Amino acid sequence: MIISINHQLAEAPQGGQPRGLFIMDLDGTLLRSDRTISSIDLDALEQLGKLGIIRTIATGRSLYSFKTIEIEDLPIDFVIFSMGAGVQHHAGDKIVRKVSLEPQEVKRACNILKSQRLDFMIHKTIPDNHMFGYFRSNPGNADFERRLQLYRQFAVPLNEVTDGFGPATQLLAVVPANDSHAVLEKVRSELPDYSVIRTTSPLDGKATWIEIFPSAVSKSQTSAWLAEELKIDKRDIVSVGNDYNDLDLLEWTASSYVVDNAPADLKNRFVGVASHNDGGVAEAAGRWLAEQSNTSI
């Protein structure tokens, strides 16, 4: 595992010690179905900033993919991207932390995925991790083929031998929904010293993406690192999510909310708010502030 850190982080928006850390997922949480952000959520983020609360997006997207969201002057302070493999100071457009797999770790994970006859991609290191090599084991994996088509200008086929790929941010296997649980558990058992994260495909909403990272990578671990750098107590941290790749973050934060479009088992475990299309982030912010100090936005 390779970790690179720049410890010179920004202070709270108004200067001084931050009052808290507000972390939200992007797709299906802050971002609506039409790829916009509601004015009520934007207003809530503005108000959080005025209160000295650090606003952070935690997304599975690469930084390249995140920047395709055309929201001018998005009121946030940090972006935790690629499931926690990278952190960007938003205002300064500076990557302050990045983590990658070493070549031998990449080779080992490749061998496991090949042994399971999975279709997968290997992503280059940050900031170029929107580029990847791919290995196809099964014809007709529709979600895998759709992702290849979306990123066709950045994708190259891998040969049987992948020893020379070098370091990588992650591997991503695309598994049809009806096969996902058994495959996920098998990969986790074979790679116990990696971070293996389950994500529902944002493309078809059915397939499972099995994402393999260094052990230090997850939304919760990277959020903990950021909180420590900013000297924010865990009691003052809140998260809002919508899917299984938010689970470790939701379990870690002192206050946790899920939007109404989340799977039923997540809604049964965490406090529910409105859907991503109906201002769920703003509702979570308001409820959290009210609980913290009897102040609502």
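# Chat: helix packing and a sheet

Reader: Let's start with the helices. How do α1 and α9 sit relative to each other?

Author: This is a predicted model. In it, the axes of α1 (residues 39–50) and α9 (residues 280–293) come within 7 Å and cross at roughly 35°. The crossing is left-handed.

Reader: Which residues make that contact?

Author: α1 brings Ile 40, Asp 41, Ala 44 and Leu 48. From α9 come Gly 280, Val 281, Ala 282, Ala 285, Trp 288 and Leu 289.

Reader: And how many of those are nonpolar, polar or charged?

Author: The contact of α1 with α9 has 8 nonpolar residues, 1 polar and 1 charged.

Reader: What strands does α1 lie across?

Author: β2 (20–24) and β3 (53–58), and α1 runs at about 135° to β3.

Reader: OK, on to the sheet then. What's the strand order?

Author: The order is β1-β6-β5-β4-β3-β2-β13-β14-β15, in an open sheet of 9 strands with mixed pairing. The edge strands are β1 (2–5) and β15 (271–273), each pairing on one side only. On average, neighbouring strands of this sheet are turned by 20° against each other, ignoring direction.

Reader: Zoom in on β5 for me. Which way do its residues point, and are they buried or exposed?

Author: β5 covers residues 86–89. Gly 86 and Gln 88 point one way, Val 87 and His 89 the other way, and all are buried. In a regular strand, side chains alternate between the two faces of the sheet.

Reader: How does β5 pair with β4?

Author: They run antiparallel, joined by 4 bridges, with Phe 78 standing opposite His 89. The two strands form a hairpin with 4 residues between them, and Ser 82 in the turn has a positive phi of about 50°.

Reader: And what about β5 with β6?

Author: That pairing is antiparallel over 4 bridges. Gly 86 stands opposite Lys 98, and Gln 88 has Ile 95 as its bridge partner. β5 and β6 form a hairpin with 4 residues between them, where Asp 93 in the turn has a positive phi of about 55°.

Reader: Switching to α5. Which of its residues are buried?

Author: Ser 180, Val 183, Leu 184 and Val 187. They are on the same side of α5, because they cover an arc of only 100° around the axis.

Reader: What's on the face turned away from that?

Author: The exposed residues His 181, Ala 182 and Ser 189.

Reader: Last one: what covers the buried residues of α5?

Author: The cover includes α3 (103–115), β10 (170–175), β11 (195–200) and β12 (208–213).

Technical notes
Residues are numbered from 1 along each chain as its sequence is written. This is a predicted model: local features need pLDDT of at least 70, side-chain atom pairs count only at pLDDT 80 or more; totals for chains, interfaces and linings use all residues. Side-chain values use heavy atoms; hydrogens and water are left out. Buried means under 20% relative accessible area, exposed over 50%, partly exposed in between (1.4 Å probe, protein chains only). The arc is that of the directions from the helix axis to the C-beta atoms. Contact means heavy atoms within 4.5 Å. Axes are lines fitted to C-alpha atoms, for helices over the stretch in contact, and angles run from 0 to 180 degrees between N-to-C directions. A crossing is left-handed if the near helix is turned anticlockwise from the far one by less than a right angle, and right-handed if clockwise. Ala, Val, Leu, Ile, Met, Phe, Trp, Tyr, Cys and Pro count as nonpolar, Asp, Glu, Lys and Arg as charged, and the others, Gly among them, as polar. Two strands pair if DSSP finds at least two bridges between them.
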